Amino acid sequence: MWWDGIYHFVLILLWIVPNLDALSDLIRLLRPRTAFLGDMAASGRWAIRLPPQSSPMFYFVTQGRCSFRANNEEPVALQQGDCVLSARPVADLFFSEPDVEAVLSDAAFKAAHSVAGELRLGDPKQEPATRVSGGRIVCNAANADLLLELLPRFIHVRATDNIAVRLRRLVSFIREETTDMRPGREAILSRLIEVMLIEMLRCETAAWFPHVSVLGGLSDPQLAKALAGIHGDASRGWTVAELAQRAGMSRSVFARRFSEAVGTAPVEYLLRWRMALAKDALLHGGGTLDEIAARIGYKSASAFSTAFRQRVGCPPSDYAANGGLRSALYGWERGGA
């Protein structure tokens, strides 16, 4: 169908174009992939609390309706065609009615009645009235914290939203690639998840402002110009004055608005982005220390190594040799120049 041709074209663009925009840049650096977890079917009165997950989850209601509550926040009503992205799935809850006792533990979740690969909940004598498909997004461990800073706690896309049809197509493709063991499976899955995240997040940049994160900055057309500058040339020694000029603001107004929207000062964001690029390069054979240093704006490998050690907690050579294991301990939020 013509949709297939459009998405194949989008996937090719994401593969070959180095800098579409700051949002694409961020998503690409995360190297996301997915493990499809399966399907749930429910009838009658039911409720289930999913086991905590270390990575974001996405859910699609493929039939009927239900309610969803992310980590004890206010519940939202879902209907067929709705989709949800849960960034911090510690206690995600699906239910038919709020007073139903939920399946609480991982053990109870796994022991629930299953038919034809579906997890069955509620009254087994009734035909399922609600079906939900779910999957987990796994990102590059070196920069997974970028995703948590980028995402709202959860995103709800309604069936009536313009992007809903495209998202359903994407999930269909993801399911197909997950179940088939064809050559290139992991590469295709990664591209599909990139497209899905970009679709959801660019919808949020227009509809969910303000949000204190990179997403909040991208929601502001003037700040987005400054972010595009940083992402387009991380090696440049950007000053606040230069970024303010690019955004068309005074220096003081720009610095305040950037910090309020993104959650960090402009130069600090530049330094964090440089370290994110460095981590990715070190883990994926992105060149020698001299080459990486030059690419992200340091005059020598020595200067780069000093800055990297201050922020990440170990020298670049150790980080690369250990596969970035220390990243989980140190993160990109540490101070230092």
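Trainee: In this predicted model, is R31 buried, exposed or partly exposed?

Mentor: R31 sits in the loop that links α2 (22-30) to β1 (33-43), and its phi is positive, about 50 degrees, although R31 is not a glycine. Buried means under 20% relative accessible area and exposed means over 50%. The relative accessible area of R31 is 35%, and R31 therefore counts as partly exposed.

Trainee: How many helices and strands does the chain have, and what percentage of its residues count as buried?

Mentor: The chain has 15 helices and 11 strands. Among the contacts in the chain with a separation of 6 or more, 71% come from residues 24 or more positions apart. Of the 337 residues of the chain, the share that counts as buried is 49%.

Trainee: What distance separates the end C-alpha atoms of helix α5, and what span should its 16 residues have?

Mentor: Helix α5 covers residues 164-179, and at 1.5 Å a residue its 16 residues should span 22 Å. The expected span is taken as 1.5 Å times one less than the number of residues. That expectation agrees with the model, in which the end C-alpha atoms of α5 are 23 Å apart.

Trainee: Which residues of α5 are buried, and why do some of them lie three or four places apart?

Mentor: An α-helix has 3.6 residues a turn, so residues three or four places apart point the same way. In α5 the buried residues are A164, L167, L170, V171, F173, I174, E177 and T178.

Trainee: Which residues does L167 touch, leaving aside those up to four places away in sequence?

Mentor: L167 belongs to helix α5, and with a relative accessible area of 0% it counts as buried. Its C-alpha atom lies 9.5 Å from that of L197, a residue 30 positions away in sequence. Leaving aside residues up to four places away in sequence, L167 touches F60, C83, V157, M196, E199 and M200.

Trainee: With which side chain does D220 make a polar contact, and at what distance?

Mentor: D220 is placed in the loop between α7 (214-218) and α8 (221-232), and its relative accessibility of 11% means that D220 counts as buried. The C-alpha atoms of D220 and A261, which are 41 residues apart along the chain, are separated by 8.3 Å. The polar contact of the D220 side chain is with the side chain of R257, at 2.5 Å.

Trainee: Is the crossing of α8 and α11 left-handed or right-handed?

Mentor: Helix α11 covers residues 266-283, and its axis and that of α8 come within 10 Å, crossing at roughly 35 degrees. At this contact L227, I230 and H231 in α8 meet P266, Y269, L270 and W273 in α11. The residues of the contact divide into six nonpolar, one polar and no charged. The crossing of α8 and α11 is right-handed.

Trainee: How many of the 18 residues of α11 are buried?

Mentor: At 1.5 Å a residue, the 18 residues of α11 should span 26 Å, and this agrees with its end C-alpha atoms, which are 26 Å apart. Just after α11, G285 takes a positive phi of about 60 degrees. Helix α11 is largely enclosed by the rest of the structure, because the number of its 18 residues that are buried is 14.

Trainee: Which backbone oxygen does the side chain of K279 reach, and at what distance?

Mentor: K279 lies in helix α11, and K279 counts as buried because its relative accessibility is 0%. Although K279 and A142 are 137 residues apart in sequence, their C-alpha atoms are 6.3 Å apart in space. The side chain of K279 reaches the backbone oxygen of A142, at 3.3 Å.

Trainee: Is G248 buried or exposed, and what distance separates its C-alpha atom from that of Q222?

Mentor: G248 is found in the loop between α9 (240-247) and α10 (251-262). Its relative accessibility is 56%, and G248 therefore counts as exposed. G248 and Q222 are 26 residues apart along the chain, and the separation of their C-alpha atoms is 6.8 Å.

Technical notes: Residues are numbered from 1 along each chain as its sequence is written. This is a predicted model: local features need pLDDT of at least 70, side-chain atom pairs count only at pLDDT 80 or more; totals for chains, interfaces and linings use all residues. Side-chain values use heavy atoms; hydrogens and water are left out. Helices (H or I, at least four residues) and strands (E, at least two) are DSSP runs, numbered from the N terminus. Buried means under 20% relative accessible area, exposed over 50%, partly exposed in between (1.4 Å probe, protein chains only). A polar contact is a pair of N or O atoms within 3.5 Å; within protein, one must be able to donate a hydrogen and the other to accept it, and residues adjacent in sequence count only if both atoms are side-chain atoms. Axes are lines fitted to C-alpha atoms, for helices over the stretch in contact, and angles run from 0 to 180 degrees between N-to-C directions. A crossing is left-handed if the near helix is turned anticlockwise from the far one by less than a right angle, and right-handed if clockwise. Contact means heavy atoms within 4.5 Å. Ala, Val, Leu, Ile, Met, Phe, Trp, Tyr, Cys and Pro count as nonpolar, Asp, Glu, Lys and Arg as charged, and the others, Gly among them, as polar.
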